[in-house]
Amino acid sequence: MASCSTKPQLPAHLAKAPSSLPPNTHPLPRTGQLAALLTGLRNKETSRGAFVFYADRVNRLLVEEGLNHLPVLEKTVTTPTGLDYNGVGFEGKICGVSIMRAGESMEAGLRECCRAVRIGKILIQRDEETALAKLFYAKLPEDIAERYVLLLDPMLATGGSAIKAIEVLIDHGVPEERIIFLNLVSCPEGLQAMYDAYPKVKIVTAWVDEALNQQKYIVPGLGDFGDRYFTSR
Ligand code: PRP
Ligand code: URA
């Protein structure tokens, strides 16, 4: 019988992220809760309302973990008991940047954790035939070069879209090492492409899937995230 001090075990095929991931990849811990939420997202029978609920839950976990990667500085405050408390505060300002359209689904989770956070947008779309990413538009906070950037996109397939978004951020003066990419489902091909292009960008991903199929979709994956979150029934 399991001891009451241990957490439930996941089935072996779900229990561990792949061992040979690039060093800038930080998968979320594989808990039963996370695996159950991902199972709900992957199920093609899941309704749009339930899909949104599961995705928002995972997004919140991603934002919480992403914030753990931001540097802190020592900060002393005085408590109501009159004593000084030597704590910490975040070192710098942050902003979110979503890769439209699917990345916009992650903005609410960021706002729940960071009140009044500034959010920029980059519209990048993958060509449905070639899977090549095309940049259409970027609107970013004017002082983005002085901020840490949480880049938001739930799907990392070939890596083309995220790499193009990072190019835009760097063109706007954001140092590579100040970018944290928050992502729901990734795959080894996309993670390697990101590492080859921008090794100092940290990637916080909820789940690393097996591979890409011939259509450059993630498998087992969850299908087209944007369609399922925003437009499906
Ligand atoms: C999806 C997804 C990523 C991209 C991932 O967006 O949200 O942005 O594809 O694929 P990649 O790593 O091969 O570039 P899509 O362009 O389909 O647009 P959408 O957000 O409007 O669904
Ligand atoms: N975009 C998605 O939404 N899903 C994939 O598997 C690949 C790109």
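**Figure 1. Which residues does S186 touch, not counting residues up to four places away in sequence?** They are L156, L191, T205, W207, V208, D209 and I218, where contact means heavy atoms within 4.5 Å. The model shown here is predicted, so local features need pLDDT of at least 70 and side-chain atom pairs count only at pLDDT 80 or more, while totals for chains, interfaces and linings use all residues. Residues are numbered from 1 along each chain as its sequence is written, chains are lettered from A and ligands numbered from 1 in the order in which they are written, and side-chain values use heavy atoms, with hydrogens and water left out. S186 lies in strand β8; helices (H or I, at least four residues) and strands (E, at least two) are DSSP runs, numbered from the N terminus. With a relative accessibility of 0%, S186 counts as buried. Buried means under 20% relative accessible area, exposed over 50%, and partly exposed in between (1.4 Å probe, protein chains only). The side chains of S186 and T205 make a polar contact at 3.0 Å. A polar contact is a pair of N or O atoms within 3.5 Å; within protein, one must be able to donate a hydrogen and the other to accept it, and residues adjacent in sequence count only if both atoms are side-chain atoms.

**Figure 2. The largest nonpolar core has 40 residues.** Such a core is a set of buried Ala, Val, Leu, Ile, Met, Phe, Trp, Tyr and Cys residues joined through side-chain atoms within 4.5 Å. V58, L184 and F225 are the members that touch the most others. Two or more residues each come from α2 (32–42), α3 (48–67), β7 (147–152), β8 (179–186), β9 (202–208) and α7 (225–231). Helix α3 gives the largest share, seven residues. Another core, of 27 residues, lies apart from this one, and I144, L156, A162 and I166 are among its members.

**Figure 3. Here is helix α2 with its buried residues L34, A35, L37, L38, G40 and L41.** An α-helix has 3.6 residues a turn, so residues three or four places apart point the same way. The cover over the buried residues of α2 includes α1 (12–15), α3, β8, β9 and α7.

**Figure 4. Ligand 1 has 15 residues around it.** Those that come nearest are A102, R126, D153, T158 and S161; a residue is near a molecule if one of its heavy atoms lies within 4 Å of it. An N or O atom in the side chain of S161 is 2.6 Å from an oxygen atom of the ligand. An oxygen atom of ligand 1 is also 2.9 Å from a side-chain N or O atom of R101, and one is 2.9 Å from a polar backbone atom of A157. On its own, ligand 1 exposes 500 Å², and the protein buries 92% of that. Accessible areas come from the Shrake-Rupley method with a 1.4 Å probe; for residues, only the protein chains shown count as cover. R101 lies in the loop between β4 (93–100) and α4 (107–113), and a cis peptide bond with omega of about 5° joins M100 to R101.

**Figure 5. Around ligand 2 are R126, M155, A157, K216, Y217, I218, G223, D224 and F225.** The backbone takes part at several places. A polar backbone atom of I218 is 2.8 Å from an oxygen atom of the ligand. A backbone N or O atom of G223 lies 2.9 Å from a nitrogen atom of ligand 2, and one of F225 lies 2.9 Å from an oxygen atom of ligand 2. Ligand 2 has 240 Å² of accessible area on its own, of which the protein covers 89%.

**Figure 6. This view turns to backbone geometry at P220, K216 and A131.** Most residues other than glycine have a negative phi, and most peptide bonds are trans. The bond from V219 to P220 is cis, with omega near 0°, and P220 sits in the loop between β11 (218–219) and α7. K216 has a positive phi near 65°; this residue is in the loop between β10 (211–212) and β11 and is partly exposed, at 37% relative accessibility. A131 also has a positive phi, of about 65°. A131 is in the loop between β5 (118–126) and β6 (133–139) and counts as buried at 9% relative accessibility.
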